[in-house]
Amino acid sequence: MSVKDTSHRSSGLSRLRSTTGGELLAEFLGTAILILLGCGSVAVALAGLPGSGRQMDAFGPGNWLIIAFGWGLAVTFAVYVAGGVSGAHINPAVTLAFAVRRKFPWVKVVPYWVAQVLGAFAGAAIVYWVYADAINAFNAAEGFAQRSDSVPSFSIFATFPAEYFGGGWWGPFFDQIVGTAILVLAIASLIDSRNQAPQSNFGPWAIGFVVTAIGLSFGTNAGYAINPARDFGPRLLAYFAGWGEAAFPGNGDWFSNYWWIPILGPLVGGVVGILVYDLFIGQVLKARESFAGDVEAPPPGRVPEPTDETETRKSAE
């Protein structure tokens, strides 16, 4: 290969990385990191600790703390990884919400989604390879002859609804709308420089704590996917790895055809969250910016005090 050909290829890759292609690479890697650490924490709680000889007594409900904080930290470091390049959406619901209300280019929405799902699939594949022995030991200890019968081990990768929903779809669907709305609303507030946005690059930690809070508050209803890529990518991996219909279309003893709920629910919830934030906070901040022309807006929590201009306006009215 000539020097000229090498230089041409190098410049082509540079152009790709400096444009949308670079953003897609960042979304792929960021989402992969999210799944590596998030699904990895579930694998530790479910199969790793019990089968490793490192857990002397059953941790019981405390395992949920491992999972909740594991996912929170996963989001934190995924945002640090990808944030400077793509904005670290790492979630199709965030991408859609930003397209609806933050002027994110619509032409990039589907490519971002594809990169996010592929990254989630890749991250889940690595978790599976790392924890395959632990998963097999867990299934054997619990008496599951086939992976397709083991909803508990499937939960390492994707979500399913709580038994108390009785197979109904509305309860978990609404749960996903609410959880994702909270997530996107909080993200909008944390990145809004007009509001009290975190300083000194603390934003990713704050977003991670939001995910932890959602897991502790709403997680048991439907596994708090709150991210279509986070659920669908690992779900596909689980399907190909032997969990069969438990993964896709999402069938179990008390649920069926569940796969679409952690996709559509978060997409709806993301749009709801960004609209609620803009209605209650964003538009208020915008109004305060333009309050009385060039007059400085009052600090947070204070009612605007009348000025000479506002008094003149009232007299004219």
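Arg-194 and Asp-192 are joined by a salt bridge, with 3.0 Å between the closest N and O atoms. Arg-194 is partly exposed, because its relative accessibility is 33%, whereas Asp-192 is buried at a relative accessible area of 9%. A network of salt bridges with shared partners connects Arg-101, Arg-102 and Asp-278. The structure in which these contacts occur is a predicted model.

The protein contains eleven helices and zero strands. From the N terminus onward, the order of elements is accordingly α-α-α-α-α-α-α-α-α-α-α. Of the 317 residues in the protein, 45% are buried.

The count of salt bridges comes to five. One of these is formed by Lys-108 and Glu-23, whose closest N and O atoms are 3.1 Å apart. Lys-108 counts as buried because its relative accessibility is 17%. Glu-23 likewise counts as buried, with a relative accessibility of 16%.

A further salt bridge is made by the side chains of Asp-278 and Arg-101, with an N to O distance of 2.8 Å. Asp-278 belongs to helix α10 and Arg-101 to helix α4, so this contact ties together parts of the chain that are 177 residues apart in sequence. The relative accessibility of Asp-278 is 5%, and the residue therefore counts as buried. Arg-101, by contrast, is partly exposed, with a relative accessible area of 35%.

Helix α10 also contributes to a feature of the surface. A nonpolar patch of about 630 Å² is made by Leu-185, Leu-264, Val-268, Val-272, Val-276, Leu-279, Phe-280 and Ile-281. Helix α10, which covers residues 261-289, gives the most to this patch, with seven residues. Leu-264 is found in this helix and counts as partly exposed because its relative accessibility is 39%.

An unreviewed UniProt entry places the feature "transmembrane region" at residues 24-49, 64-88, 109-131, 169-191, 203-226 and 258-280. Residues 258-280 are 87% helix and 0% strand, with 33 Å between the end C-alpha atoms.

The largest pocket holds about 1,000 Å³ of space. Its lining consists of 48 residues, of which Ile-67, Trp-71, Gly-223, Tyr-224 and Arg-230 are the closest to the centre of the pocket. The elements that supply two or more residues to the lining are α2 (20-52), α3 (63-86), α4 (92-101), α7 (170-190) and α8 (203-222).

Note on methods. Residues are numbered from 1 along each chain as its sequence is written. This is a predicted model: local features need pLDDT of at least 70, side-chain atom pairs count only at pLDDT 80 or more; totals for chains, interfaces and linings use all residues. Side-chain values use heavy atoms; hydrogens and water are left out. Patches are made of residues with over 30% relative accessible area and no salt bridge: like charges are joined within 9 Å, nonpolar side chains (Val, Leu, Ile, Met, Phe, Trp, Tyr) within 5 Å. Accessible areas come from the Shrake-Rupley method with a 1.4 Å probe; for residues, only the protein chains shown count as cover. A salt bridge is a side-chain nitrogen of Lys or Arg within 4 Å of a carboxyl oxygen of Asp or Glu. Helices (H or I, at least four residues) and strands (E, at least two) are DSSP runs, numbered from the N terminus. Buried means under 20% relative accessible area, exposed over 50%, partly exposed in between (1.4 Å probe, protein chains only). UniProt positions are given in the numbering used here, feature names are shortened, and annotations may be inferred rather than shown by experiment. On a 1 Å grid over the protein atoms alone, a cavity is a set of points where a 1.4 Å probe fits but cannot get out, and a pocket is an open set with protein on both sides within 12 Å along at least five of seven lines; lining residues have an atom within 4 Å of a point. Grid points are joined across faces, edges and corners, and a volume is the space filled by probe spheres set on the points.
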